[in-house]
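Try each task before you read on.

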Amino acid sequence: MSIYSFTFSPTGTSAQISRSITSGISEALKIDIHHADLTFNPAGNLKFSHEDIVIISSPVYGGKIAPLTKQRLSTIQGNGAKCIVVAVYGNRAFENALTDLSEFMSDHGFQVCSAGAFVGEHSYSTPATPIAQGRPDRKDLIDAHTYGKEIGAKICSGHLNMIDVSALIDEPSPTESLINFRNFVMKYQQEQSLSPKKILPVVDMQLCDECGSCYASCPTGAITADSNEVDSSKCIKCCACVKICPQNARALSSPFAEPLSENFNRRKSPKWIL
C-alpha cells in the first residue's frame with residue numbers, strides 16, 4: 001500500500017489543512033506519504049492500484065471545487081484506488097464542492113471513502129472586510145490532524161470503505177444572513193447583466209518594487225514577468241498575488257467581500273465523514 005497526497009493551494013490554506021491531515025495519517029500508520037503540489041503543475045499520467053490511497057485537497061470556488069484542481073488531475077487513473085476528498089472554504093458554505101470532487105474522482109476510477117470540509121481564510125478577506133481571517137488556526141489544524149488519525153485507524157482496521165459524500169451536511173448559517181446574501185447576489189447579477197464589469201487584482205505602482213513575487217505566485221500565469229497587467233482570461237481571482245505581495249501593492253476589490261464579511265462572521269467548524 002502507498003499513500004499519495006495531491007493539493008491545489010494558491011494561497012496556502014488548503015496546503016496547511018492537507019499537511020495536518022497527512023501528518024495524522026502518517027502518525028497512525030508509521031508510514032511516509034508521497035506529496036504532490038497541483039498549484040503550478042498537473043499530476044501527469046499517473047496510474048494507481050486498488051491497494052493505493054489518494055488524498056485530494058482543494059479550495060472551494062463558488063460552491064464547487066476549484067476547476068483547476070480537476071484540470072490538473074484529469075489524466076490520472078484510479079483503477080480501484082481508495083480516495084479521500086477534502087474541501088477548504090471561506091466560512092460561508094462548501095455547498096456542492098465535495099460531491100463535485102467525489103463524482104470527478106469516481107469517474108476516474110477511484111473509490112471515495114472519506115470526505116472533509118475545513119475553513120480557510122477567504123481569498124477576498126482583508127483587514128477591512130475579514131472573512132475567516134487567520135484560518136486555519138491552531139484549533140483547525142489540530143482537528144485536521146485528528147481527522148487524519150481517524151483515517152489511519154480506519155485503514156489499520158481494514159474498514160476504510162466507500163461512502164455517500166452527500167451525507168456530509170454543512171453547518172447552517174443564520175437565516176437572515178442567507179437572505180441578505182441571496183439578495184445581494186441577485187442584485188449583483190442584475191447589475192452585471194446590464195453593465196458587466198470584470199473584477200481583477202490591481203497594483204499600486206508607488207508601492208510596487210517589482211520583486212516578482214506576484215507573477216511567481218500566480219497558478220495560471222496571468223501575470224507576466226515584464227508586465228504588471230493581469231490577463232483577465234487567465235485570472236481565477238485566487239488572490240495569491242495579493243496575499244503574497246511583501247509591499248501590499250496589490251489588491252482585489254470584490255463587491256462580495258463586504259456582504260461575506262458581514263453575514264458569515266460566525267465561526268464554522270470542520271466536518272468530516274468516514
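**Exercise 1: the largest cavity**

By class, twelve nonpolar, one polar and one charged residues make up the lining of the largest cavity. This is a predicted model, where local features need pLDDT of at least 70, side-chain atom pairs count only at pLDDT 80 or more, and totals for chains, interfaces and linings use all residues. Residues are numbered from 1 along each chain as its sequence is written, and side-chain values use heavy atoms, without hydrogens and water.

Task: find the volume of the largest cavity and the residues closest to its centre.

Step 1. A cavity is a set of points on a 1 Å grid over the protein atoms alone where a 1.4 Å probe fits but cannot get out; lining residues have an atom within 4 Å of a point.

Step 2. The volume, the space filled by probe spheres set on the points, is about 90 Å³ for the largest cavity. Of its 14 lining residues, Pro201, Cys218, Cys235, Cys238 and Cys241 are the closest to the centre.

**Exercise 2: the second largest cavity**

Task: which residues line the second largest cavity?

Step 1. Its volume is about 40 Å³.

Step 2. The lining consists of Asn91, Ser173, Pro174, Asn263, Phe264, Asn265, Arg266 and Lys268.

Step 3. Sorted by class, these are two nonpolar, four polar and two charged. Ala, Val, Leu, Ile, Met, Phe, Trp, Tyr, Cys and Pro count as nonpolar, Asp, Glu, Lys and Arg as charged, and the others, Gly among them, as polar.

Conventions: On a 1 Å grid over the protein atoms alone, a cavity is a set of points where a 1.4 Å probe fits but cannot get out, and a pocket is an open set with protein on both sides within 12 Å along at least five of seven lines; lining residues have an atom within 4 Å of a point.
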